[in-house]
Amino acid sequence: MDYTPHTEADLESMLERVGAKNLKDLYRDLPQEIVDPPLQLDTAMTEAELMRHLRTLAAKNQSANVGFLGGGIRSHYIPAVVPALAARAEFLSAYTPYQPEASQGLLQAIFEYQTMISELTGLPVANASMYDGSTALAEGVLLALRESGKMRVAILKSVHPEYRRVVKTYLEAIGAELVTLTSTADPIPPETGAVVGQNPDFLGTVHNFTALAEAAHAAGALFVAVVDPISLALLKPPGEYGADVAVGEGQPLGNAMAFGGPHFGFMAVRADLVRQLPGRLVSETTDVEGKRGYILTLQAREQYIRRGKAKSNITTNAQLTALMGAVYLAALGPQGLKEVAIRSVAMAHALAEKLTRIPGIELVTPEPYFNEFAVRLPKGALEVRSALARKGLAAVTPVPAEYGENLALFACTEQHTEADLDNLAEALREVLR
Amino acid sequence: MDYTPHTEADLESMLERVGAKNLKDLYRDLPQEIVDPPLQLDTAMTEAELMRHLRTLAAKNQSANVGFLGGGIRSHYIPAVVPALAARAEFLSAYTPYQPEASQGLLQAIFEYQTMISELTGLPVANASMYDGSTALAEGVLLALRESGKMRVAILKSVHPEYRRVVKTYLEAIGAELVTLTSTADPIPPETGAVVGQNPDFLGTVHNFTALAEAAHAAGALFVAVVDPISLALLKPPGEYGADVAVGEGQPLGNAMAFGGPHFGFMAVRADLVRQLPGRLVSETTDVEGKRGYILTLQAREQYIRRGKAKSNITTNAQLTALMGAVYLAALGPQGLKEVAIRSVAMAHALAEKLTRIPGIELVTPEPYFNEFAVRLPKGALEVRSALARKGLAAVTPVPAEYGENLALFACTEQHTEADLDNLAEALREVLR
Amino acid sequence: VESPLIFEKSVPGRRGITPPKAPEVDLAALLGSDNLRAEPPKLPEVDELTLVRHYTGLSRRQMGVDTHFYPLGSCTMKYNPKVHEAAVGLFADLHPYQAPEVVQGALQLMYELQRDLSEITGMDATTLQPAAGAHGELTGILIIRAYHKSRGEHEQRRVVLVPDSAHGSNPATASMAGYTVKEIASSPDGEVDLEALKTELGPHVAAIMLTNPNTLGLFERKILAMAQAAHRVGAQLYYDGANLNAVMGMARPGDMGFDVVHLNLHKTFTVPHGGGGPGSGPVGVKAHLAPFLPVPQVVKNGETYALDYDLPHSIGQVRSFYGNFGALVRAYAYIKMLGEEGIKKSAALAVLNANYLKELLKEQGYRIPYDRTCMHEFVAQPPEGIRTLDVAKGLLELGFHPPTVYFPLIVKEALMVEPTETESKETLEAFARAAGELLKKDKSWLEAAPYSTPVRRLDEVQANRKPKLRWNPGE
Amino acid sequence: VESPLIFEKSVPGRRGITPPKAPEVDLAALLGSDNLRAEPPKLPEVDELTLVRHYTGLSRRQMGVDTHFYPLGSCTMKYNPKVHEAAVGLFADLHPYQAPEVVQGALQLMYELQRDLSEITGMDATTLQPAAGAHGELTGILIIRAYHKSRGEHEQRRVVLVPDSAHGSNPATASMAGYTVKEIASSPDGEVDLEALKTELGPHVAAIMLTNPNTLGLFERKILAMAQAAHRVGAQLYYDGANLNAVMGMARPGDMGFDVVHLNLHKTFTVPHGGGGPGSGPVGVKAHLAPFLPVPQVVKNGETYALDYDLPHSIGQVRSFYGNFGALVRAYAYIKMLGEEGIKKSAALAVLNANYLKELLKEQGYRIPYDRTCMHEFVAQPPEGIRTLDVAKGLLELGFHPPTVYFPLIVKEALMVEPTETESKETLEAFARAAGELLKKDKSWLEAAPYSTPVRRLDEVQANRKPKLRWNPGE
């Protein structure tokens with residue numbers, strides 16, 4: 001079935017009005033040899049058949065809810081209000097709010113979201129969202145290069161390897177160079193326009209980046225921090241340790257894991273960088289009656305105005321998933337977010353203690369660490385992951401070999417109980433036996 | 001956790017304003033020996049803990065989706081639009097539309113629903129809904145007794161046994177008598193005010209009730225028909241075969257099976273019975289500017305106006321589930337509903353043929369039957385039902401012994417495929433081997 | 001037309017949802033040609049987008065708790081947690097006739113809810129079958145009737161006493177159960193007149209139906225004496241649970257001496273009202289009435305849950321299957337999340353909110369006919385010369401759903417205000433300010449309000465005289 | 001304030017959702033006292049009901065396809081089927097780092113979608129990783145870049161040709177990939193000037209980026225010749241899929257000679273726009289470009305699906321994980337439901353609706369600068385003397401979302417109208433009537449419209465000069 005409302009009578013009268021013999025005739029201007037090719041597609045399904053088919057597919061997947069997988073995506077609890085409110089049909093089915101009189105709902109929600117991200121990061125300006133954490137970082141790095149006028153980026157090896165790969169792709173495109181630093185003590189190479197660190201880093205360690213940010217600034221570079229939004233309930237915000245740009249992955253804020261997407265990336269910057277920002281920005285303003293309202297602003301940065309000279313080609317971003325993030329933050333509030341963070345931290349530390357009691361497992365993440373840590377396993381991580389999956393457990397995030405052999409991450413959230421930790425430890429013990 | 005917004009500061013200032021020392025002090029007028037008793041309840045859960053607990057409970061249930069159970073509740077496909085639209089927060093969180101200016105959305109939706117039920121049943125007036133099919137029947141019978149001024153009801157044995165039990169309870173309350181007719185040819189006892197037949201009946205048979213309705217009228221009784229709404233896409237509406245009152249269960253119209261409820265009952269009557277109707281009615285009217293609008297009407301029938309003299313005590317009915325029914329009917333339209341009905345009929349007949357080929361199984365439902373039929377099994381129905389459940393199949397609706405030994409109903413819907421039928425037949429063959 | 005009917009958007013041949021393809025069959029052969037309908041029902045023919053826009057548009061012409069403060073007295077319009085809707089989804093695909101061993105989770109939930117509701121009401125057993133409050137009332141009264149019958153007293157006990165401030169459903173229920181209703185006047189303090197009650201009591205009385213706190217929002221302080229007086233003559237005391245939210249967990253009907261209680265899960269236990277249901281009306285009883293509960297009851301045998309139909313003294317069945325299960329899931333979720341402390345706190349804050357708002361409205365110039373500590377609601381009156389109806393319509397214009405109006409009947413121009421515990425201090429204050437602002441408006445403004453609602457005041461008389469109850473083609 | 005910010009509803013100490021209890025821990029010891037923040041972020045402190053009312057209220061200040069006709073040109077605001085939202089829910093709890101053997105359903109879905117999108121576009125391989133259309137453009141251009149590099153021609157090919165009617169994202173993308181952008185003027189018939197194009201073509205050109213049908217809604221009739229000309233000099237032909245809805249399944253970019261195509265699943269394949277994303281921008285390529293696709297690709301080995309990272313010539317990764325999987329589920333559902341016939345019919349009816357509306361608007365007095373059979377959209381202009389902006393604002397007042405305005409840039413006072421195939425004849429007619437009605441309004445009425453929207457015309461200049469980009473306490 002399809003979603004077209006046309007009856008036979010409609011078709012007849014409309015075709016007549018437009019002067020076409022039939023539907024195919026509407027394509028008469030096209031080279032006829034390419035019109036209406038046969039397509040090898042499955043037979044059309046009705047909605048009932050589709051849902052049954054999808055349930056069959058879904059049954060071939062195992063739920064990772066309340067699992068221990070991490071690496072940027074985690075199984076935090078999503079309060080029911082979050083999807084219930086974000087899925088309001090008006091939000092779901094709206095376009096980018098180009099007509100502000102018709103879009104005050106979304107525009108105000110974005111303005112509020114920008115404020116929340118600004119509060120979390122301790123930086124005064126946040127944009128309306130990016131695709132995800134990795135592309136937010138890539139765009140943050142490009143911003144730093146534009147601002148600094150340089151073509152080299154120094155990135156700590158402890159930044160998420162997938163994020164580094166994405167940055168590499170973006171930098172190669174413009175011929176900029178990516179240098180990897182193995183430690184915060186490494187000297188910053190000359191002509192570096194951006195220094196990048198992640199906090200907590202890929203292996204979970206919490207950093208004080210104050211010195212690194214200072215070093216970056218001393219070298220004429222901007223410091224770009226990749227941060228976890230939930231950690232910012234407890235940790236010093238990047239704005240306080242000298243980050244010029246803060247970016248991150250929004251998934252932990254009320255977004256389903258969804259096999260990796262869609263989620264949203266966030267980006268916040270120093271006030272003077274606002275005109276370098278990619279993506280959309282909403283400003284408060286007033287209407288002709290003096291009533292407060294909201295509107296897209298500084299659009300001269302954007303592709304549809306500036307074309308080849310735009311700050312980025314980004315157009316569609318991740319408004320709905322960012323809205324979920326905003327609803328999540330407002331639902332939890334500062335105290336709730338703090339409690340989520342504390343319980344995640346506490347559970348991670350309790351799990352680390354339990355796991356390192358298992359013969360052959362050792363903690364490799366340098367302390368202090370947050371809600372996630374890496375251990376060395378006595379066997380290959382992929383093998384152990386599969387063995388645990390057979391027991392119905394979603395755990396063991398494999399760590400690339402560049403960090404060491406047989407490493408795996410374990411992440412905890414506020415959903416975990418002591419019993420969950422014991423259950424995992426017991427299962428791991430059995431698997432490694 | 002709870003849903004109260006009061007901060008400590010709120011509490012303090014509010015208590016002071018109302019002149020209470022603390023919350024318990026608000027109960028100072030009460031006999032103090034009964035205030036604030038200890039309660040044996042489980043420890044409070046957070047939302048995350050609740051959902052996890054409920055998932056554990058849900059995992060102890062088997063889905064009956066696309067199953068073959070019937071007896072008034074069936075697994076028709078529920079288009080996604082139905083819950084998506086009915087669950088709009090404004091519908092969900094509204095009260096009965098006593099303030100029409102604030103409730104035009106619901107009032108119009110009810111007016112449309114009344115029209116749809118009227119169309120299905122072929123009777124000119126339908127009310128806004130009843131609790132379910134069984135109580136709709138009980139109220140329909142009470143209406144007939146009010147109208148006829150008599151105190152005896154004659155009901156065909158082929159009416160759903162649970163419905164007959166509910167009618168019995170209601171009639172006993174007012175000291176009226178319930179007589180069971182074993183056949184449409186049975187004479188109608190004297191002083192009967194209501195004759196009741198179901199179409200298709202409990203065992204699935206389709207009836208022509210014209211003669212029975214005439215006999216009822218000749219005896220000074222009203223004829224009350226219990227009908228399945230989906231069958232009315234194909235079958236003669238009760239208004240055409242002389243029913244004065246038509247009632248039925250709305251679940252097949254877009255309502256989840258939900259272990260039996262909530263669903264909705266519907267009721268439609270002859271035009272001259274409108275002031276005898278229980279429950280709510282919506283009428284079109286105009287506002288002070290002449291604009292069309294909708295309002296609750298003929299409220300003098302209802303308990304909150306008429307108190308002891310009301311037509312029924314019904315207050316809350318089943319507005320939201322009736323709305324789901326209306327959305328379902330509008331989503332399918334006359335053609336879609338017809339196709340649902342035809343496919344259900346076709347599948348049921350195909351299944352009957354397959355099942356009766358199994359040694360020891362015989363069809364007992366007299367023809368013609370609709371989407372459901374009864375067979376005699378060579379074993380007890382409960383035993384067979386459990387054996388099929390172990391194979392993951394939801395089938396075998398047990399039929400009470402008053403209809404015969406080892407009988408079971410099988411219902412089909414448009415969701416079933418030939419493969420489903422074969423699968424059931426094969427499983428049944430194994431179970432009976 | 002501003003809001004066309006779905007029928008007016010219908011176009012012949014247009015399709016929405018397409019079901020799986022129906023095979024070619026000979027319907028006349030399968031179903032009997034006599035039995036087939038000649039004309040299809042004139043259901044709307046719309047595409048899916050038109051359907052979506054229609055009902056989405058209707059929802060935007062509707063107020064609800066999620067959009068507005070909705071202080072309808074006696075209706076307990078508290079917030080309905082969104083998590084409950086997710087909870088219900090987990091139990092959608094269960095059929096009532098499945099084998100009990102494959103629905104153990106559902107049965108466990110019902111069993112625990114029976115137990116928890118008994119605990120909260122102070123009763124010994126609870127049925128979950130009634131589909132709504134009034135249905136629970138009927139069930140409760142039938143249980144009382146069966147009890148008297150079992151003692152051979154049914155013929156003698158033909159009267160049910162009901163205070164004049166009671167909800168209309170009480171006398172309507174007593175009538176449905178075949179009883180003669182006798183009204184008891186309230187005393188000047190707004191409570192049941194104990195002496196008047198005692199005068200009416202006697203061996204002819206089957207039951208007294210009380211709401212406590214009553215519909216004036218006042219707790220019946222002499223409740224223990226009333227219970228004693230009732231029981232002394234063998235009458236049963238029935239608790240209308242409409243107002244339980246005031247005392248939920250803080251004072252149990254069972255401890256007050258009630259023999260039967262019905263609950264409105266859609267009021268006290270956050271089942272959404274849904275524009276008028278579905279609700280759920282469980283009934284709790286003391287041990288002596290337990291044998292008369294409807295079938296089936298959910299029971300626990302060892303570690304297994306089962307449906308017990310074997311109750312020889314049962315009044316029978318009041319509804320098909322086991323009640324409004326979806327509503328039960330929501331109430332269960334609510335109780336599990338609140339626990340003892342949350343339940344008590346919610347009740348107490350409902351009372352605090354009502355008393356606070358009462359003070360604020362008084363300050364704004366509203367009269368409070370019974371001005372003492374109220375429970376979850378209170379009755380107010382506009383100043384002399386201003387009609388309650390106009391206040392209600394004025395509130396609509398200012399963005400508030402009005403309170404219940406003209407009820408209870410014993411107070412002229414009554415505004416019955418129930419803010420519930422889920423409203424914030426700021427909301428109560430904003431409402432009181434608006435209510436005060438109305439009193440300063442021109443009378444003509446007030447009498448013509450509202451102005452900006454989808455329709456303005458409607459002609460109710462026309463609707464009653466010449467009701468138009470369905471759309472007709474070609475009109 | 002009519003619509004207070006959530007921050008303005010915040011009250012210190014108020015709580016919404018409570019997470020499971022956090023144990024007492026010494027944070028300074030666990031995390032380092034230096035690392036802790038001194039002040040908590042000033043997030044809103046609201047109860048759940050306030051939260052619900054806030055966002056529900058905001059939604060009621062918002063138009064969407066589900067509430068209004070929304071004919072935004074080049075945006076394909078078609079109906080987003082509700083069933084897709086149910087479909088996505090089935091795959092919510094999957095983590096991207098689960099073992100492949102326990103996510104076979106998800107991988108199968110992606111594999112089949114790769115295949116189906118290749119089939120619909122006429123390409124040989126597809127990546128699902130890009131997160132949006134512009135992201136797909138970047139991916140596509142980087143693939144072309146890698147291809148030229150592999151042939152040692154990267155240094156020589158530094159120019160990307162883009163028509164002057166192109167979406168701004170095309171030149172922006174080429175810039176992001178380090179290319180010099182060269183604009184090609186359109187010829188008077190609104191199509192790319194083939195001769196001008198040929199003049200610009202040469203061994204210095206890396207790619208031509210085309211939208212076909214173009215942003216005037218016109219099919220580039222000389223497309224086969226353009227492709228030939230491009231390929232003759234070794235340039236790659238890039239297809240911007242923004243307008244694919246016109247030819248979805250009816251004419252495949254691959255058959256037109258394109259080497260790379262990106263799709264906007266949120267336009268053509270019904271992923272909801274969500275107020276500006278998330279979308280999804282898969283990229284299909286011809287076989288010679290397949291080695292350069294991003295990693296990972298989803299592959300099938302026997303009956304097992306797997307993620308293949310072993311593509312030595314890949315451009316690398318453009319996004320973490322595997323793309324916007326939730327969007328992929330929706331597109332998959334859409335394709336499976338439509339099948340070949342539904343896909344083609346949808347495209348053709350999008351074209352029919354556009355042509356029909358074009359005729360209606362012409363009749364109402366609008367000018368059609370390129371008046372021939374259009375594809376899924378067309379460009380109109382109000383009569384001389386009436387501004388497009390005023391028409392847009394007037395349409396808002398009459399209950400319609402306006403078309404795209406002032407684009408494409410090559411048409412003065414452009415209104416780019418794209419009705420999509422999911423709109424009914426009646427809706428198109430109602431829109432045309434409203435558009436016609438506007439032309440009869442007083443100029444002053446038009447210039448001050450809209451009147452009844454939540455706000456009226458906003459001060460854009462103020463917002464640009466002195467942007468206020470966040471709420472600040474105490475303001």
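This is a predicted model: local features need pLDDT of at least 70, side-chain atom pairs count only at pLDDT 80 or more; totals for chains, interfaces and linings use all residues.
The contact draws on residues from both partners. Chain B contributes 183 residues, and chain C contributes 204 residues. Together the two chains bury about 16,700 Å². Of this area, 62% lies on carbon and sulfur atoms.

One salt bridge pairs C:R456 with B:E289. Their closest N and O atoms are 2.9 Å apart. Polar contacts across the interface of chain B and chain C link 102 residue pairs, with both residues at pLDDT 80 or more. On the side of chain B that touches chain C, helix α10 (residues 319–356) gives the most, with 22 residues. By class, that side of chain B has 94 nonpolar residues, 54 polar residues and 35 charged residues.

Chain C was then examined on its own. Its secondary structure comprises 14 helices and 12 strands. The C-alpha trace of chain C spans about 75 × 65 × 45 Å along its principal axes. The radius of gyration of chain C is 25 Å. A compact globule of 475 residues would have a value near 23 Å, so the figure for chain C agrees with that expectation. Of the 475 residues in chain C, 70% are buried.

C:V162 is found in strand β2 (residues 159–163) of chain C. Its relative accessibility is 0%, so C:V162 counts as buried, the cut-off being under 20%. Leaving aside residues up to four places away in sequence, C:V162 touches C:N170, C:P171, C:V181, C:K182, C:E183, C:I184 and C:M209. C:A38, in turn, is 124 residues from C:V162 in sequence. In space, the two are 52 Å apart, C-alpha to C-alpha.

Backbone geometry was considered next. Most residues other than glycine have a negative phi, and most peptide bonds are trans. Several sites in the model depart from this pattern.

In chain B, a cis bond joins B:G261 and B:P262, with omega about 0 degrees. B:P262 lies in the loop between β6 (245–249) and β7 (265–269) of chain B. In chain C, a cis bond joins C:A449 and C:P450, where omega is also about 0 degrees. C:P450 sits in the loop between α13 (443–448) and α14 (460–465) of chain C.

Positive phi values occur at two further sites. A:E191 is not a glycine, yet its phi is positive, at about 60 degrees. A:E191 is placed in the loop between β3 (177–181) and β4 (192–199) of chain A. Its relative accessibility is 52%, so A:E191 counts as exposed, the cut-off being over 50%. B:D36, another residue other than glycine, has a positive phi near 60 degrees. B:D36 occupies the loop between α1 (8–18) and α2 (47–58) of chain B. With 30% relative accessibility, B:D36 counts as partly exposed, because this value falls between the 20% and 50% cut-offs.

Definitions and conventions. Residues are numbered from 1 along each chain as its sequence is written. Chains are lettered from A and ligands numbered from 1 in the order in which they are written. Side-chain values use heavy atoms; hydrogens and water are left out. Contact means heavy atoms within 4.5 Å. Buried area is the accessible area (1.4 Å probe) that two parts lose on being put together, summed over both. A salt bridge is a side-chain nitrogen of Lys or Arg within 4 Å of a carboxyl oxygen of Asp or Glu. A polar contact is a pair of N or O atoms within 3.5 Å; within protein, one must be able to donate a hydrogen and the other to accept it, and residues adjacent in sequence count only if both atoms are side-chain atoms. Helices (H or I, at least four residues) and strands (E, at least two) are DSSP runs, numbered from the N terminus. Ala, Val, Leu, Ile, Met, Phe, Trp, Tyr, Cys and Pro count as nonpolar, Asp, Glu, Lys and Arg as charged, and the others, Gly among them, as polar. The radius of gyration is taken over C-alpha atoms; the globule rule is 2.2 Å times the number of residues to the power 0.38. Buried means under 20% relative accessible area, exposed over 50%, partly exposed in between (1.4 Å probe, protein chains only).
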